[in-house]
Amino acid sequence: MMRRRAFLATLAASLAPRLTWADIGAPAFLAAGKAGEAYVLHGLSAAGTSLFRVALPGRGHAAAAHPVRAEAVAFARRPGTFALVIDCATGTTRHRLTPPDGMQFNGHGAFSADGTLLMTSEVVAETSEGRIGLWNTQGYTRLTDWPSHGIGPHEIRRLPDGRLAVANGGIRTDPVDRTKLNIPDMAPNLTLLAEDGALLDQIDLPDLRQNSIRHLALSGSAIAFAMQWEGDPAEPVPQLGLWTPGTAPLLCAPPEAEAFTMQGYAGSIAATRDRVLITSPKGGALMLFDAKGRHIATHHRADLCGAASTEGTFTVTDGSGAVWTADDTGLTPLARADTRWDNHLVALG
């Protein structure tokens, strides 16, 4: 009898109308973190306050928000083997996605504009060869996967016209303990795929092959990319690049006096119409650049990492639980939570 009741309850839940983000308070952001000893995913308002909190089975990295339904996919810290499809209205897990045998999730995903397709960054565990997994969101069944055309894809970002930008970090890692295996000959690239997965364009960094391309934001017609330097720490290198497909990439260096502020590590990136922001938890700082890659300002705060933009405003999070807005003049506190925020802040919409 209990099995039948459970089946009927599950069936009823699957047939119930799905609530939209507006129905649950219109959260502006998703953010993973750690509250006490528990790993959680929050939905945050534009003011930085928590609208909902859902438990995760392990450390989360980034999340992807369905464009319509109040539904999020929370990804394990890379390399991971779980991605949870969460009903953010009820806090329940609707599906637990598992990559095919021999593959691992790599921390990020993106929905198609109509929400019918989820794309996930993945690697072949033994070689770190990059793949983009495709899932039908009707029941989150696996459809197929595409080559990412690089090693170690991390963030993927859908462009408004449906094309997909892929940050191939270039680092081969041990499938168990994340040891980096190919630093001397790593080869990051930034790849642009068509809606059907065909390779459209690609750039690499022949003079900075140890500058791993990790995270992405859209800045007008340009793709802004954040990098993490794996080479000599005594060598100053930029952590921000801008690429308009069909042209050469522009690497954006800060002033010489601030060349080492980021300590070679950009943890997150966000962009508005006229500004690009990168954060560095290692350097305890963020940097703002204009849309042409010129340095505007540097602001300091310990363990800053999460970054997102909504309606022309930057919001950032730190490891102490604080949420801030950032502009050319500085940081303004918004809210504080009992959660130590992790790497990323994901904007909805």
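Biologist: What is the accessible surface of the protein chain, and what percentage of it belongs to carbon and sulfur atoms?

Modeller: The model is a predicted one. Its protein chain has an accessible surface of about 14900 Å², and carbon and sulfur atoms account for 52% of that surface.

Biologist: Why is serine 219 called buried?

Modeller: A residue counts as buried when its relative accessible area is under 20%. Serine 219 has a relative accessibility of 7%, and therefore counts as buried. In the protein chain as a whole, buried residues make up 55% of the 349 residues.

Biologist: Where is serine 219 placed, and which residues does serine 219 touch, not counting those up to four places away in sequence?

Modeller: Serine 219 is in strand 16, which covers residues 211-219. With residues up to four places away in sequence left out, serine 219 touches Ala271, Thr272, Val276 and Ala291. A contact here requires heavy atoms within 4.5 Å.

Biologist: How many helices and strands are there in the protein chain?

Modeller: The protein chain contains 1 helix and 28 strands.

Biologist: Why does the radius of gyration of the protein chain agree with that of a compact globule?

Modeller: For 349 residues, a compact globule would have a radius of gyration near 20 Å; the protein chain has 19 Å, so the value agrees. Along the principal axes, the C-alpha atoms fill a box of roughly 70 × 45 × 40 Å.

Terms used. Residues numbered from 1 in each chain as written. Predicted model: local features only at pLDDT ≥ 70, side-chain atom pairs only at ≥ 80, totals over all residues. Heavy atoms only, no water. Helix = DSSP H or I, 4+ residues; strand = E, 2+ residues; numbered from the N terminus. Rg over C-alpha atoms; globule rule 2.2 N^0.38 Å. Buried < 20%, exposed > 50% of the residue type's maximum accessible area, 1.4 Å probe, protein only. Areas by Shrake-Rupley, 256 points an atom, 1.4 Å probe, with all protein chains shown as cover.
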